[in-house]
Structure formats: structure tokens, C-alpha cells
Amino acid sequence: MKLVLCDFDGVVVDSNSIKRDAYGTIFESVPGAVAVLAAVLKEQPSGTRSTIIREVFARLGSSAYKRWPDIAAATRHFVELYGRHVDGLVAVCPEVKGATRGLEFLAARFPVYLVSNTPEASLKPIVEKRGLNRFFKEVLGVPPTKQAHAERILDKEGVAGADTVVLGDTRADYRLAVDIGARFIGFKDPINDFPRNGVSVVDDWDDFVERFGRQPSARS
């Protein structure tokens, strides 16, 4: 291990349920949206907020967004609503057990980058408010994609994918690791949808440090 790419929701902070519940809140006044939303979230549990919201409107049809000029305008409006609802909650929600200790441990030994599907304009203030900036070389959200961030980071650090670890909780994080040739370590969460065969899964950060804390430091 020479480099760590770390997801945020469900890995650093215990926020997955907050974010899932928020979709129901913003769509509760849109007829038929709740059932459609449930199907979209089941199919795309790690989708970005804009992807999820746009897909719900696409399936509901134009009658659901007739108050706005088009589906793009409706999506932007609901993304803003979603952000106003969740960002403050995520800034103060509990961390995944042992996250501060675990990140401190990692950051003293390896370059650690936070790479999230949360819009960067929302992510950075949340990370700063929680006092977590000091652990990460960069705090990166969308756009661009996690894949684009990962490829740039590997090039910047001069580290091969085989020497990189991706910490995540979804199939999208697992796929990122596969695509760049990295090792994936999954954090246990009810939304886990990554394959379990051959994948290391930890309960929390205390478990992670206990099991992987003897890795040679890249800073030694």
C-alpha cells in the first residue's frame, strides 16, 4: 500500500440513511414519485444526487415537472432542495466508528485522498466543518467522476494501481478499484452492493486498523 483513495458517506461519516431518507422528503409532494424513487434507489444505490433525481423525473414523465421549463431545470431545483436538506445534517452526523483515529493513523503513513460522489461545492464545507481536512491531501467531489479523479491522482503521485487501496461501501467504489487495478476494502453498511467473493470487508475503522495496520508506511 502506497496510496489510499477514501469514500466519504458510509466510510467516514454514517450518513447513508440521512441521504436516502432525504430523497423521500423532497419528493413527497410529487404524485407517484415515492414508488418510482424506491425502484431507482434499488437499481442505483450509489448514484449521484443529480442522476437519481433526473431518473425519477424521467420515469414519471413531463407531468411531474410541468412547473419547470424542462427536466434539466426541475432536476437542478430538486438537487438544490436536496442539498439544503442534507448538507447540514451530514456536517454533524456521527462518524463511522473510529474514523478520526483511523484517518489520523493512515494520514501519518500514506497519502490519503477523499474521493466522493457528493458535489464538491457541498463536500468541502462539510469536511472543513468536521475538522477532517488535515487528513486528506485533496478533498474531491463531482464533477468530474471518481474515475477521472483517481486517474489524475495516480499520475500525480506516480503510484501504480496495484499499490493503491480504495476504501468504499458500494459497487461503484469496487468498480473504481477494479478499473484502476487497486485493492478494494469494503466498509460494512446496509447499502453494500459489492460482490463479497475475494473482498475484504471491515466493520469500522477500528477493525480496519486492527487488520491492516501493519502495512509498511509509504512515508518511511
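This is a predicted model: local features need pLDDT of at least 70, side-chain atom pairs count only at pLDDT 80 or more; totals for chains, interfaces and linings use all residues.
Reader: Let's start with holes: how many cavities of 30 Å³ or more does the structure hold?

Author: A cavity here is a set of points on a 1 Å grid over the protein atoms alone where a 1.4 Å probe fits but cannot get out. Points are joined across faces, edges and corners, and the volume is the space filled by probe spheres set on them. By that reading, the structure holds 2 cavities of 30 Å³ or more. Residues are numbered from 1 along each chain as its sequence is written, and side-chain values use heavy atoms, with hydrogens and water left out.

Reader: Which residues of the lining lie nearest the centre of the largest cavity?

Author: Lining residues have an atom within 4 Å of a cavity point. The largest cavity has 23 of them, and D9, K19, P45, S46 and G47 lie nearest its centre. Helices (H or I, at least four residues) and strands (E, at least two) are DSSP runs, numbered from the N terminus. The elements giving two or more residues to this lining are α1 (16–27), α3 (49–60) and β2.

Reader: Now the greasy part. Which residues touch the most other members of the largest nonpolar core?

Author: In soluble globular proteins, nonpolar side chains tend to be buried together. A nonpolar core is a set of buried Ala, Val, Leu, Ile, Met, Phe, Trp, Tyr and Cys residues joined through side-chain atoms within 4.5 Å. Buried means under 20% relative accessible area (1.4 Å probe, protein chains only). Here the largest core has 57 residues, and F8, F27, L167 and W205 touch the most other members. Helix α4 (residues 71–92) gives the most to this core, with 9 residues. There is also a second, separate core of 18 residues, including L5, L154, A182 and V199.

Reader: What does W205 touch?

Author: Contact means heavy atoms within 4.5 Å. Leaving out residues up to four places away in sequence, W205 touches a list that includes C6, V96, L103, L106, L167 and F187. Two of those, L103 and L106, are among the buried residues of helix α5 (residues 99–107). What covers the buried residues of α5 includes β1 (3–6), β2 (112–119), β4 and α9 (205–212).

Reader: And I126, is that buried or exposed?

Author: I126 is buried, with a relative accessible area of 5%. This residue lies in helix α6 (residues 120–129) and touches F8, D87, V90 and A91, again not counting residues up to four places away in sequence. I126 and V90 are 36 residues apart in sequence, yet 7.2 Å apart in space, C-alpha to C-alpha.

Reader: Last one: which strands does β4 pair with?

Author: Two strands pair if DSSP finds at least two bridges between them. Strand β4 (residues 164–168) runs parallel to β5, joined by 4 bridges, and 4 bridges also join β1 to β4, again parallel. V165 of β4 is the bridge partner of V4, while L167 stands opposite I185 in β5. Both faces of β4 are covered, with T164, V166 and G168 on one side and V165 and L167 on the other. As for β5 (residues 183–187), 4 of its 5 residues are buried, so this strand is largely enclosed by the rest of the structure. On its other pairing, 3 bridges join β5 to strand β6 (residues 200–202), also parallel, and F187 stands opposite V202 there.

Technical notes:
Buried means under 20% relative accessible area, exposed over 50%, partly exposed in between (1.4 Å probe, protein chains only). On a 1 Å grid over the protein atoms alone, a cavity is a set of points where a 1.4 Å probe fits but cannot get out, and a pocket is an open set with protein on both sides within 12 Å along at least five of seven lines; lining residues have an atom within 4 Å of a point.
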